[in-house]
Structures are given as structure tokens and as C-alpha cells.
Amino acid sequence: MTSSAGDGDYAAIFVNSTNIWKQLLNDEMLGVWRKSGPIPLTGLSGDVKIYISLKGTNDKNAEFKIKNIKFLNTNIDNDWDDDGVLNDSDNCPEISNSEQQDFDLDSSGDVCDPDDDNDFVLDDIDVCPNTVAPETVPTQTSGLGKNRWALLDATGEFTQAPPKQGRAGLFTTTATKGCSCEQIIVALNLGRGHIKKGCSTGAIEEWINLY
Ligand SMILES: [Ca+2]
Ligand SMILES: [Ca+2]
Ligand SMILES: [Ca+2]
Ligand SMILES: [Ca+2]
């Protein structure tokens, strides 16, 4: 480093926004100043940004160069939960889940995702895990029967077929405790009509009244 030193010039290291090391420069450091030997960066965890700051005061045309920085004995823990999946690609970096199962594919693994099936009902109170929207019952080809209901999208609101279509929001996954029409059909052992045409208003109301 070349500078007219001694008037407040310094070299410093910041971790994120915290200054962890600072060295004022004095006249003896004019010319090429070398900091040899390690500067300890301890207590780092998670993602950190390390900044090296060189400050010159009253130094017109001062020239600063940083050369030959080495990170020694980094000992960085790339797998916090020791499940064999490195933090960067681990969908639950702090809970061991080597299988990386992620039912709703939202990049938050099942073991740390509070709502595994993304139906707006948290796992703790979700009566029907693994809800899928759009549903496979009724089929997309046959469509909903008259006034029947099903989850046709991932909004958490059941869709009703015509002619009374438009009552969207009348039934929600919150009301059904996280259960879709097809899951209600299985739980209530409903017949083929529901499987083919979607849930009747009465069937959904019956289910809601059970919980
Ligand atoms: Ca891991
Ligand atoms: Ca997930
Ligand atoms: Ca859920
Ligand atoms: Ca559910």
C-alpha cells in the first residue's frame, strides 16, 4: 500500500456490518505495507459476507492494492445437520432429512415445512395430509357435476360447478380442516356419484360438521 499515512488511514475487516479488525496505518507503513500472519475470524455461522476496507484520508492519487489473501484453517461446516446434504442444497439445513422429501415441491422439506401439502392448513391441525390440488376427482375430462364442489386450483377455495357457480369462498380447506373433496369421499365412504361428479354441498357440510 502506498499512502501518506498517519492521518487516519486504516485497513479494516468487516464481517457483515461488524468491524472485527482495524489497523491504523502510520508512517512506518508507507510504501508496501504487509500484514503477515493470520487475523482470526471466529464465531462465524450461517452465511456471512467478509469485507476488507482500505481507507485513505487526504491521499490524492493514493493507490491501494490487495494481494494474496488466503483463508486458512477455514473449518467451515457445510452440513449443519450432518445429514449428508450440504447446506446450500439442503431443503431443511438445520433438521436432518437425508431423504429430502418435499411433498408440495416448495423447496421446504417436509420435516421443516409447517404446511407440507400447501393447502393453507398447518400440519398440526391438518386432518388430511398430502392434499393435492387440482384434484383427480372429479376428472378434468368429465368435469364437475351440477352444483358439485372440488379443489380445482391451489387457492384453498373449493370451486362449484354451474348453475350456482360463483359462490367461491363458501367452502375452503380451512373449513374442511385441510381435506379435499376426494379425501372427504374416502373418509365418509361416499358413493360413485361423488367420485364421478365431485362433492355435493351436503357432503361437504356433513364433513365440516364432523369437525
Ligand atoms: Ca444438511
Ligand atoms: Ca414443502
Ligand atoms: Ca396442510
Ligand atoms: Ca391437507
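In this predicted model, strand E1 (residues 10–15) pairs with strand E2 (residues 18–24) in the antiparallel sense, the two being joined over 6 bridges. The hairpin formed by E1 and E2 has 2 residues between the strands, and Asn 16 takes a positive phi near 55° there. E1 also runs antiparallel to strand E3 (residues 50–55), to which 6 bridges join it.

| Residue | Counterpart | Strand of counterpart |
|---|---|---|
| Ile 13 | Trp 21 | E2 |
| Ile 13 | Ile 52 | E3 |
| Ala 11 | Leu 54 | E3 |

In soluble globular proteins, nonpolar side chains tend to be buried together. The largest nonpolar core here has 15 residues, and those with the most contacts inside it are Trp 149, Ala 150, Cys 181, Ile 184, Cys 199 and Ile 204. At least two residues of this core are supplied by each of strand E4 (149–150), helix H1 (181–188) and helix H3 (201–210). H1 provides the largest share, 3 residues.

Leaving aside residues up to four places away in sequence, Trp 149 touches Phe 158, Thr 159, Gln 160, Phe 171, Cys 181, Gly 198, Cys 199, Thr 201 and Ile 204.

Conventions:
Residues are numbered from 1 along each chain as its sequence is written. Chains are lettered from A and ligands numbered from 1 in the order in which they are written. This is a predicted model: local features need pLDDT of at least 70, side-chain atom pairs count only at pLDDT 80 or more; totals for chains, interfaces and linings use all residues. A nonpolar core is a set of buried Ala, Val, Leu, Ile, Met, Phe, Trp, Tyr and Cys residues joined through C-beta atoms within 7 Å. A residue is buried if 20 or more other C-beta atoms lie within 10 Å of its own, exposed if 12 or fewer, and partly exposed in between; C-beta atoms are placed from the backbone. Helices (H or I, at least four residues) and strands (E, at least two) are DSSP runs, numbered from the N terminus. Two residues are in contact if their C-beta atoms, placed from the backbone, lie within 7 Å. Two strands pair if DSSP finds at least two bridges between them.
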